[in-house]
Amino acid sequence: MLSDKSRPIIETTLPVVGEHIGEIARRFYDHLFSNHPELLDGTFNRGNQVDGSQQQALAGSVAGFAGALLSTPVQVPEKLLSRIAHKHASLGIRPDQYQVVHDNLMWAIVDVLGEAVTPDVAAAWDEVYWLMANALINQERGLYSARGVRAETVWRQWRVQRKIHETADVVTFVVQRIDDRLVRTSLPGQYVTVLMQMPDGMRQPRQYSLTRADDGEHRQFSVKRVRGDGKPDGEVSTLLCDSVQIGDVLTMSLPFGDVVLDDSGRPVVFASAGIGITPMAGMLSHLVAAGSGLPIMLLHADVGEGTFALRRQVVSDVLALRNASIFLWYEESGGSNEPVNDVFTGTMDLSQVKLPDNAFYYLCGPIPFLQAVRSTLIERGVAPRDIQYEVFGPDLWQADLD
């Protein structure tokens, strides 16, 4: 918790820092990469630097953590920290890197706010930073220890065994292990980081959900090509979709991610939109492998049948489960050729289906979709603790819909 000396200072200065956090973040990253260009090789997503989304993520996490310390003094925001820690562990972040970030972030705060950063203000924000950093270091140490690795050994190589074109923009990769290290199975809903060497020699990391239960020898993940729509296309997704072929070797992290399937024995409802189907596919696959008899409902929204990635796998898994159903919403009319329970035209409308009592909900998709579905569920009396959600991209550790 914050010290009595720092609390009133943070209360007073948080609005000022929040107002300028975008510029602070921009200066911070410029200064950081000028002093430590090696961090652009395998640690930071340089695409997010170009469009500014990384800065927005930093703004959300710093302001969110400081605000949480003020609103709940006796506890740290575990949900926020857990998302960050899992993301960091999938990148092999080391404890010593927190000092590098600290030095450059504090420089940026002073550079932007100038004389307003008195010694007492600097000390208070230093305390906030290290409360957050030390909590993350401890969580990440636990994640590494639980998997029997160090930050430097989260990586291993896998050979591409299959490449499946799901839709015009989504490709599924099935990879096989090529070393003798023990494969610890993933938890249903987790993701891996794929570390790709780009044509200019720099390595770039991206996270992809695992879309099928592990069998000890193989892993499966799906990639959606990122089209820039006036901005540069996604460099990693384009490279994976266009250039990586069967027989190529990929470097991947161990599985991480804190949004995982609950095993309490309650009914489960999955609600997804677009490429948000990927963690749901992984969870469904685990349920099939376990021979689950739980009541399962999959709700999915997409543009149409042709853009529904992993459609055949997902429908087959729903059919394989003894007590499962699937309902679809397509923006384009035309119905479905799959044996599903019902298909609706338009965006997802939960009033069109009967939801099970006492269910646990998993949501994944664009933030507006998550906000709309989650708000509807809460209005219907679903407890916030019974709703988990996953957000893709730099918002992964920032978005807080509570």
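In this predicted model, six strands form an open sheet with parallel pairing in the order S10-S9-S8-S7-S11-S12. Strands, like helices, are DSSP runs numbered from the N terminus (strands: E, at least two residues; helices: H or I, at least four), and two strands pair if DSSP finds at least two bridges between them. Strands S10 (342–345) and S12 (387–390) stand at the edges and have a single partner strand each, so one side of each is left without a neighbour in the sheet. From one strand to the next, the twist averages 15°. Residues are numbered from 1 along each chain as its sequence is written. Because the model is predicted, local features need pLDDT of at least 70 and side-chain atom pairs count only at pLDDT 80 or more, whereas totals for chains, interfaces and linings use all residues; side-chain values use heavy atoms, with hydrogens and water left out.

Strand S9 (residues 324–330) pairs with S10 in the parallel sense over four bridges, and Trp-329 stands opposite Phe-344 in S10. Helix H9 (residues 311–320) packs on the sheet and touches strand S8 (296–302) and S9, contact meaning heavy atoms within 4.5 Å. The direction of H9 makes about 145° with that of S9; angles run from 0 to 180 degrees between N-to-C directions, and axes are lines fitted to C-alpha atoms, for helices over the stretch in contact. Helix H10 (residues 367–379) also packs on the sheet, where it touches strand S7 (268–273), strand S11 (360–364) and S12. The direction of H10 makes about 160° with that of S11.

Antiparallel pairing involves strand S6 (residues 249–253), which is joined to strand S1 (residues 155–165) by five bridges. Trp-158 has Leu-250 in S6 as its bridge partner. Strand S3 (residues 191–197) also runs antiparallel to S6, with two bridges between them, and Val-194 stands opposite Met-252 in S6.

Helices H5 (residues 96–113) and H6 (residues 119–146) pack at an angle of about 155°, with their axes 11 Å apart. H5 and H6 are therefore roughly antiparallel to each other (angles over 145 degrees). The residues in contact include Tyr-98, His-102 and Leu-105 of H5 and Trp-125, Tyr-129 and Ile-137 of H6. By class, this contact has 11 nonpolar, two polar and two charged residues; Ala, Val, Leu, Ile, Met, Phe, Trp, Tyr, Cys and Pro count as nonpolar, Asp, Glu, Lys and Arg as charged, and the others, Gly among them, as polar.

Conventions: Angles under 35 degrees count as roughly parallel, over 145 as roughly antiparallel, 65 to 115 as roughly perpendicular and the rest as oblique.
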